[in-house]
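Here are a few friendly notes to read alongside the structure. Have a look at it first, and then we can go through the points together.

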Amino acid sequence: GAGGRDMEAVATGMTRRGWVPGLVRRPPGLHLMLSLLHEQAREHYLADLAAATAEAPATRNADVSAIY
C-alpha cells in the first residue's frame, strides 16, 4: 500500500469524494487509467488522493506478493 496505508480505506475515501477507484487486491493498490480528457481533473484527483491517503489507517498485516 501507499506508505503502509490500508488501500481499502484509501479507496473508500476516494469513493466518498466522488471518484470510482479501481482497487487491486495483491499487491494492495489502486489502478487508474487516464487520457488527455482527464487532464482538467488531475490536480483535483491528486488532492483528493492525498487527503484519502492521509485519513487511511496503517495497513493491516497483508500478503504483498503479486498475483498475475
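1. A definition to begin with: a residue is called buried when its relative accessible area is under 20%, exposed when that area is over 50%, and partly exposed in between. Please also keep in mind that this is a predicted model.

2. Let's apply that to two residues. Tyr45 has a relative accessibility of 13%, so Tyr45 counts as buried. Trp19, at 23%, counts as partly exposed.

3. The ring centres of Trp19 and Tyr45 are 4.9 Å apart and the ring planes meet at 85 degrees, so the pair is edge-to-face. It joins distant parts of the chain: Trp19 sits in the loop between helix 1 and strand 1 (22-24), while Tyr45 belongs to helix 2, 26 residues away.

4. Now follow Tyr45 into its helix. Which residues of helix 2 are buried? They are Tyr45, Asp48, Ala52 and Thr53. Around the axis they cover an arc of only 135 degrees, which means they lie on the same side of helix 2.

5. What do the buried residues of helix 2 pack against? Their partner is helix 1 (7-16). On the face turned away from the buried side, helix 2 carries the exposed residues Glu43 and Ala54.

6. Finally, a check on length. Helix 2 (residues 42-55) has 14 residues, which should span 20 Å at 1.5 Å a residue; its end C-alpha atoms are 20 Å apart, so the two values agree.

Methods
Residues are numbered from 1 along each chain as its sequence is written. This is a predicted model: local features need pLDDT of at least 70, side-chain atom pairs count only at pLDDT 80 or more; totals for chains, interfaces and linings use all residues. Side-chain values use heavy atoms; hydrogens and water are left out. Helices (H or I, at least four residues) and strands (E, at least two) are DSSP runs, numbered from the N terminus. The expected span of a helix is 1.5 Å times one less than its number of residues. Buried means under 20% relative accessible area, exposed over 50%, partly exposed in between (1.4 Å probe, protein chains only). The arc is that of the directions from the helix axis to the C-beta atoms. Contact means heavy atoms within 4.5 Å. Rings of Phe, Tyr and Trp (its six-membered ring) pair if their centres lie within 6.5 Å; planes under 30 degrees apart count as stacked, over 60 as edge-to-face and the rest as tilted.
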